[in-house]
Amino acid sequence: MGSPRSGRILNLHGERMVTRNFEPGGRSWSQLKDINNALNLAQENRLNLLLAQCVETAYHSLVNDYKGGELDHSVYYLWLEHTLEPDQG
């Protein structure tokens, strides 16, 4: 049994990020939907999932502001890269 770093999913998405291949596989809007479903369930059960709320905020921006909803959810890498760029104005 290998380490989590040697997993197939990490290798697949890592390669997509390195080669900047963000063609749809698992679309970002679907990821956002799943995150929202999890947060709604948590709220119904009085759970406060702070990290999940941060992820939802980021995916909401990715899907709605960065127009990444139809791209593979690994495009999150480009969104993150974009948000870390120094302000050009």
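These legends go with a set of close-up views of a predicted model.

Local features here need pLDDT of at least 70 and side-chain atom pairs count only at pLDDT 80 or more, while totals for chains, interfaces and linings use all residues. Residues are numbered from 1 along each chain as its sequence is written, and side-chain values use heavy atoms, with hydrogens and water left out.

**View 1**
Going along the sequence, the pattern reads α-α-α-α. Helices (H or I, at least four residues) and strands (E, at least two) are DSSP runs, numbered from the N terminus. As for confidence, pLDDT (the predictor's own score for each residue, from 0 to 100) averages 85 over the protein, and 90% of the residues score at least 70. Helix α1 (residues 8-19) has the lowest confidence, with a mean of 78, and α2 has the highest, at 95. Where pLDDT is low, the predicted coordinates should not be read in detail. Of the 89 residues, 24% count as buried; that means under 20% relative accessible area, with exposed being over 50% and partly exposed in between (1.4 Å probe, protein chains only). Take the contacts (heavy atoms within 4.5 Å) between residues at least 6 apart in sequence: 64% of them join residues at least 24 apart.

**View 2. Tyr59, Tyr76 and Trp79 are linked into a cluster by ring pairs.**
A pair of aromatic rings is described by the distance of the centres and the angle of the planes. Rings of Phe, Tyr and Trp (its six-membered ring) pair if their centres lie within 6.5 Å; planes under 30 degrees apart are stacked, over 60 edge-to-face, and the rest tilted. That rule gives two aromatic pairs. Tyr59 and Tyr76 are stacked, because their ring centres are 5.1 Å apart and their planes sit at 20 degrees. Tyr59 belongs to helix α3 (residues 50-64) and Tyr76 to helix α4 (residues 76-84), so this pair ties together parts that are 17 residues apart in sequence. Tyr59 is buried at 8% relative accessibility, whereas Tyr76 is partly exposed at 25%. Tyr76 also pairs with Trp79: the centres are 5.3 Å apart and the planes at 35 degrees, so this one is tilted. Those two residues are three apart in helix α4, which puts about one helical turn between them. Trp79 itself is buried, at 11%.

**View 3. The largest nonpolar core has 11 residues, among them Tyr59 and Trp79.**
A nonpolar core is a set of buried Ala, Val, Leu, Ile, Met, Phe, Trp, Tyr and Cys residues joined through side-chain atoms within 4.5 Å. Other members include Phe22, Leu32, Ala58 and Val75. Helices α2 (28-44), α3 and α4 each give two or more residues to this core, and α3 gives the most, with four. Ala58 touches Tyr76 and Trp79, leaving aside residues up to four places away in sequence.

**View 4. The buried residues of α2 pack against α3.**
Those buried residues are Ser28, Leu32, Ile35, Leu39 and Ala42. Looking down the axis of α2, they fall within an arc of 85 degrees (taken from the directions from the helix axis to the C-beta atoms), so they line one face of the helix. Just after α2, Arg46 takes a positive phi of about 55 degrees.
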